[in-house]
Amino acid sequence: MAHSITRILAFAALAALIFGGLAVAPAAAASGGAGNVYTQTNAASGNAIVAFSRSASGTLTWTGTYSTGGLGTGAGLGSQGAVTVSDDGSWLYAVNAGSNDISIFAIDGDGLSLTDRVASGGTQPISVTAHHGLVYVLNAGTRTISGFSSHAGTLLPMAGSTRSLLGSGPAQIQFAPSGNALVVTDKATRTIETFVVAGGIAGTPTSFPSSGSTPFGFAFGLREELFVSEAAGAPGGLSAASSYQLAANGALTTVTASAPTTQAAACWLVVTGNGRYAFTANAASDSISSFAIDQDGSLTLVPAQAAHSAAAHTTDLALSRNSQFLYALDGGTMTISAFHVTADGHLMRLDSAAVPSGAAGLASR
């Protein structure tokens, strides 16, 4: 109990330092916003979720900092999907890479309530995905994935769901929109793995070569198209993005092979809800690139620098549920940058919000 009280006090002190003396409890004045944005502190002394309300105009207001009950690593996770929101927007899932577990929060307006924390089924969980009551976590330390069923705020491990990866250096796990497959990117082995899901249980993995080097973050389109960022996928040490078609049997067919961003280190990628645009966060160029998506899933670079900010060093991206707003976790400036997404795939910058140093993962609802 003493340790818990000490940890809570530490979180309160951190929040006061970062957010100008505000208490850890949610701010009532921020209620009624059009949505929320979440990141995690990833602090080795105690991980916590930092929550923001999103107004109808896309601006963010800090509403609370909530202990996960677990530990972060204090260093970058090298992943996408460290925090994620359930399909219905009722639950938030977060990895605790330093204590080898995952936390689940109930989302109530602008507030969060911790409802469960369970072992991740491996070591160093770095990415989590959810689909209709199923939750899978990617464990980088053991190079495994493990599945859980989510019931009323609790996570129950599913027997037979833990699978070993074929590749190494994993970066992200995510369900396909149908829920019938899981995908994992492997940075070190330049591979993409797929798992067909039946009855909630992931089957054995199938590995496919990535079109370019260092496949990292990814997202899906409207028709099971898979869009993947490649941190070193283009000539001259620059980065790229590729697109694939995912078949029902888990097979991948390349549509666009390594379309250059002309920027460096495209590590994170998101796709708008209408399936028309993809954005990559280019950490080494402090920029965000925009790609137009054709009906066949092919990619065309629109502006190479849809956004740029000196020293931003963006480490994750998230779109609002309606895709009108894009948010970028900028580790270099310790902010979340906000943008309005225009109809032609360009970005208009809005006000930013402060986050603690070392924050990891980004999710929006």
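Author: Strand β6 is largely enclosed by the rest of the structure, because 7 of its 8 residues are buried. Keep in mind that this is a predicted model.

Reader: Which residues does β6 cover, and which one is D101 in terms of burial, buried or exposed?

Author: Strand β6 takes in residues 101-108. D101 is buried, with a relative accessible area of 6%.

Reader: What stands opposite D101?

Author: N96 stands opposite D101. Strand β5, residues 91-96, runs antiparallel to β6, and 6 bridges join the two.

Reader: How many residues lie between the strands in that hairpin of β5 and β6?

Author: The hairpin of β5 and β6 has 4 residues between the strands, and N100 takes a positive phi near 60°.

Reader: And how many bridges join β6 to β7?

Author: There are 8 bridges between β6 and β7, which run antiparallel. Those two strands form a hairpin as well, with 2 residues between them. G109, in the turn, has a positive phi of about 65°. Further along, S103 stands opposite R117 in β7.

Reader: Moving on to charges. How many salt bridges are there in the whole structure?

Author: A search of the whole structure finds 2 salt bridges. One of them joins R117 and D101, with the closest N and O atoms 2.5 Å apart. R117 lies in β7 (residues 111-119) and D101 in β6, so the pair ties together parts that are 16 residues apart in sequence.

Reader: Why would two side chains pair like that?

Author: Side chains of opposite charge can pair when their charged atoms come close.

Reader: How exposed is R117?

Author: R117 is partly exposed, at a relative accessible area of 40%.

Reader: What about E225 and R223?

Author: The side chains of E225 and R223 also form a salt bridge, at 3.5 Å from N to O. E225 is buried, with a relative accessible area of 2%. R223 is partly exposed at 43% relative accessibility.

Reader: Which strands supply the lining of the largest pocket?

Author: Several strands each supply at least two residues, among them β4 (83-85), β13 (170-175), β18 (213-220) and β22 (266-271). By class, the lining of the largest pocket has 20 nonpolar, 15 polar and 3 charged residues.

Reader: And the second largest pocket, how much space is in there?

Author: About 220 Å³ of space lies in the second largest pocket. Of its 17 lining residues, G76, T315, G358, A359 and A360 are the closest to its centre. Strands β27 and β32 are the elements that give two or more residues to this lining. The lining of the second largest pocket divides into 8 nonpolar, 8 polar and 1 charged.

Reader: Last one. How many cavities of 30 Å³ or more does the search find?

Author: The search of the whole structure finds 1 cavity of 30 Å³ or more. The largest cavity has about 60 Å³ of space. Its lining has 13 residues, and I288, T314, D330, F339 and R349 are the closest to its centre. In classes, the lining of the largest cavity comes to 5 nonpolar, 5 polar and 3 charged.

Note on methods: Residues numbered from 1 in each chain as written. Predicted model: local features only at pLDDT ≥ 70, side-chain atom pairs only at ≥ 80, totals over all residues. Heavy atoms only, no water. Salt bridge = Lys/Arg side-chain N within 4 Å of Asp/Glu carboxyl O. Buried < 20%, exposed > 50% of the residue type's maximum accessible area, 1.4 Å probe, protein only. Pairing = 2+ DSSP bridges. Nonpolar A, V, L, I, M, F, W, Y, C, P; charged D, E, K, R; others polar. 1 Å grid on protein atoms, 1.4 Å probe; cavity = no way out; pocket = protein on both sides within 12 Å on 5 of 7 lines; lining within 4 Å. Points joined across faces, edges and corners; volume = space filled by probe spheres on them.
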